[in-house]
Amino acid sequence: MKFADWTQRTRRLATGRAGRRIARTTAVAAVALAGAWLGIMLGGAVRSNVGPVELGMSAEPSWSGETVLDAHPFGTLLFDTHDAPVGLRVTLENINPDRARGFLDDPRLSADRLPALLEEELGNGVRTLIVRAAFCGLAGALVTSLIVFRRPGPALAGALGVAVAIAGTGAAVALTFRPDSVVEPKYTGLLAGAPTLVGDAESIVTRFESYRVQLAKLVNNVSQLYDVVSALPVYDADPTSIRILHVSDIHLSPIAWNLIRSVTTQFKIDAIIDTGDLTDHGTGPEDKFVEEIGTFGVPYVFVRGNHDSMTTQRAVGRQKGAVVLDDSAKTVAGLRVYGLGDPRFTPDKSVSVDSNLESLDALGRSHAARLARLPKQVDLIAVHDPTIAKGFSGAAPMILTGHSHERSTELLPSGSRLLVQGSTGGAGLRALEHDEPTPVAASVLYFDADTHRLRAWDDITLGGLGEQSVQIQRHVETEPGRTISSVPTITPSPTGSIIVTPTP
């Protein structure tokens, strides 16, 4: 063989070996990185307690690097916190009642100390996430490489490469971290309108210390709720009494779900009645919010409010345990309940609806007259608007309503008791529109199992955003067996006016 041919052949072999080495290295790196991400996604997430709130934290691939705060169902807040191929996602998971009580019992946790403690616990959660994600990434790379290549050499090489990549990513996050980005978030979903309600970045920076104090008050507020509710005795020892939780005007507030879950458990609630305005705009994205209804384990009776669309009503009807009433009646927890959805849909400005008091009262009276002709008497009526509700006077001993965001009760001349519920969601985001916070309100109603008459009720009130107060007030029905007068009948006169005549 000539020297030139031998040289050429040697070069071809060397080139082939180099190509195969590069291809092998690339394959090992690709498999190791894929395994690392799989490990991080499967086992890298952590849950961290920040005060009584349980947060979920996870790392995820991100070309630009960002922190995402998932404020379901309102939307998300995106913070441009760093430049690295990894992002941080934080979600609100739950409220821990044991830690809530612990915050009340510890005298060292004053309003001045609490903000620093919350920040410390949040930092600990992030550090735990970093360690867990790094471990799961290395384990995922090693296991995946062993499965694919079946030799320890490539597996160790892949794990080593992933370790270098993780260290480099961590260094990039640390070097490019921008703490000031927390005051300039990007809003998505329903939160897109939040800057106009909360204020601009400059005002947030100026009032940051006051926001920290407000957060501390809110934590104490929720903690006091758990403490008071757990210590309050039930109305009586009769296990057959029917306990109904009346809520209204949640307006997309997750605070309401926490309150409902706590009260349902502590008071051994048999059924929940929601008198409307569960959402704000009745849009499709808001339907995700109603999925919590199926987690309470008791019937959830719903009547549509003027902020709930028919789409909202159908979404509620799909949930486990939901009972949607719209000019219909059903027996729930032993009580015969009639419900009527609000005829208006306020967010849709294209729909013209007569909302004057006379028309709403007449609407209630006309439905009450039809209800009186039914063969089976109802025990309780649920509607959204108090004006419509008063039209049902005499149709049932108890009438529940909402809409006004202010609780009140009234014994009508017919003998029917009208209970107007406040906002169980503290009026949701709309609470930020007013100087004074809207209280969070709900009521537990106790009905006699034999007569189906109201015997007593507890009004539960939490201070709104930034306030620190929890109040539970008990009321006893003085004449539970009182006579309920007959319902008037409405017939239109030839001139179009309304004539009210008593039903025989």
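Visitor: Which side chain does K288 meet in a salt bridge?

Guide: Good place to start! In this predicted model, look for a contact of 3.4 Å, N to O, at the side chain of K288.

Visitor: Is E291 buried or exposed, or in between?

Guide: Buried means under 20% relative accessible area, and exposed means over 50%.

Visitor: How many residues apart in sequence are the parts tied together by D327 and R370?

Guide: The side chains of D327 and R370 meet in a salt bridge at 3.0 Å, N to O. D327 lies in the loop between β10 (322-324) and β11 (328-332), while R370 sits in helix α10 (residues 357-372), so the pair ties together parts whose separation in sequence is 43 residues.

Visitor: Where is R417, the salt-bridge partner of E477?

Guide: The side chains of these two meet at 2.8 Å, N to O. The pair links distant parts of the chain, 60 residues apart: E477 is in the loop between β19 (470-476) and β20 (488-492), and R417 is in strand β16 (residues 417-420).

Visitor: Is R417 buried or exposed?

Guide: Buried means under 20% relative accessible area. E477 is at 6% and counts as buried. R417 has a relative accessible area of 10%, so R417 is buried.

Visitor: How many salt bridges are there in the whole structure?

Guide: Some share partners, and these join D342, R344 and D385 into one network. A search of the whole structure gives a total of 13.

Methods. Residues numbered from 1 in each chain as written. Predicted model: local features only at pLDDT ≥ 70, side-chain atom pairs only at ≥ 80, totals over all residues. Heavy atoms only, no water. Salt bridge = Lys/Arg side-chain N within 4 Å of Asp/Glu carboxyl O. Helix = DSSP H or I, 4+ residues; strand = E, 2+ residues; numbered from the N terminus. Buried < 20%, exposed > 50% of the residue type's maximum accessible area, 1.4 Å probe, protein only.
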